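Here's a quick briefing for anyone meeting this structure for the first time. Have a look at it, then read on.

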Amino acid sequence: MSDTPTRVPLQSPLGRVRGLGSAKQGSHHWWIQRVSSVALLPLMLWFILSVATMGGKEYAEVVAWIAHPLNATLLLLSIGLAFQHAASGMQVVIEDYTRSEMVRMAVILAVKAACALFGVLAAVAVLKIAI
Amino acid sequence: MVGRRTDGTPVRRPLSPHLQVYDMMQITSGLSIANRATGIAWTVGLLFLVWWLVAAAAGPRAFATAQWFFSSFLGILILFGMTAVAWFHTLGGVRHLMWDAGYGYDLPTTYRTGRAVLIGTAVLTVLTWFIVIIAWG
């Protein structure tokens, strides 16, 4: 640590920080996490109650439930928001506990890729049944 | 972790939230880490939802396999766990939204809402499975 060469600052303090700020995007990730959580609240209440009453239902009944336009719409919204909320939540956890910058970037991109993959897969499954 | 100040000098910054310096058995820090843990668990649990939907789209045979797993002992254990996880993270999330709105920061209120999250999770999980058993029966 101590033998790391230190650059002698010749810039003014303002000059050093210019362009390094949040540029009005700093709270975007945080805000989207709150927005998706608020949107997921009613969707999760609907989903938990719907699936709870579906125990032991026949294949045809389950497919008919998914195929109903209202259920398909709410399922698609739930899937999209849940994977978006999960990906950004996992990103914060990874950022907090991963030291190496390369590992951090690789793990975050892998988690986002997995969330995109499974999110689209679930959405295609709903659309295949509903359309 | 090692970072750099804007003038280029290296600085050793702490990781946040720190895992070693806090007593995790307190209701405050315990519920905070539990909110993260349930968030991670729910992310993994989403894969079961994907499986269920893809099986339904693939046809009766694939759906029968998924149905067989979800009604097995392990399947029900996972679904019960996911129900508790879902309710905890939902109620914990509401608590966080309350904080974001600027309310409930004093210690007595923090303890009260923390206990409410725990009790609410237990009650709603049992209630949800009450509905499952009635619908199944």
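Among contacts in chain B between residues at least 6 apart in sequence, 56% link residues at least 24 apart, where a contact means two C-beta atoms, placed from the backbone, within 7 Å. Keep in mind that this is a predicted model, in which local features need pLDDT of at least 70, side-chain atom pairs count only at pLDDT 80 or more, and totals for chains, interfaces and linings use all residues. Residues are numbered from 1 along each chain as its sequence is written, while chains are lettered from A and ligands numbered from 1 in the order in which they are written.

**Chain B overall**

- Chain B has four helices and two strands; helices (H or I, at least four residues) and strands (E, at least two) are DSSP runs, numbered from the N terminus.
- Going along the sequence, the pattern is β-β-α-α-α-α.
- The radius of gyration of chain B, taken over C-alpha atoms, is 20 Å, well over the 14 Å that the globule rule gives for 137 residues, so chain B is more spread out than a compact globule. That rule is 2.2 Å times the number of residues to the power 0.38.
- The C-alpha trace of chain B spans about 65 × 40 × 25 Å along its principal axes.

**Where the two chains meet**

- Chain B puts 34 residues into the contact and chain A puts in 38 residues.
- On the chain B side, β2 (10-12), α1 (27-58), α2 (60-70), α3 (73-100) and α4 (107-136) each give two or more residues.
- The largest share of that side, 12 residues, comes from α1(B).
- By class, the chain B side has 21 nonpolar, nine polar and four charged residues. Here Ala, Val, Leu, Ile, Met, Phe, Trp, Tyr, Cys and Pro count as nonpolar, Asp, Glu, Lys and Arg as charged, and the others, Gly among them, as polar.

**Helix α5 of chain A**

- Helix α5(A) (residues 101-130) has 30 residues and reaches 43 Å from its first C-alpha to its last, close to the 44 Å expected, which is 1.5 Å times one less than its number of residues.
- Buried residues in α5(A) include C115(A), F118(A), A122(A) and I129(A).
- Their cover includes α3 (59-67) and α4 (69-97) of chain A, together with α1 of chain B.
- An unreviewed UniProt entry places the feature "transmembrane region" at residues 31-50, 62-83 and 103-127 of chain A; such annotations may be inferred rather than shown by experiment.
- Residues 103-127 of chain A are 100% helix, with end C-alpha atoms 36 Å apart.

- Leaving aside neighbours within four places in sequence, L53(B) is in contact with A122(A), A125(A) and V126(A).

**A tryptophan to find**

- W42(B) lies in helix α1 of chain B and counts as buried because it has 21 C-beta neighbours inside 10 Å.
- Not counting residues up to four places away in sequence, W42(B) touches V85(B), A86(B) and H89(B).

Notes:
Buried ≥ 20, exposed ≤ 12 C-beta atoms within 10 Å, placed from the backbone.
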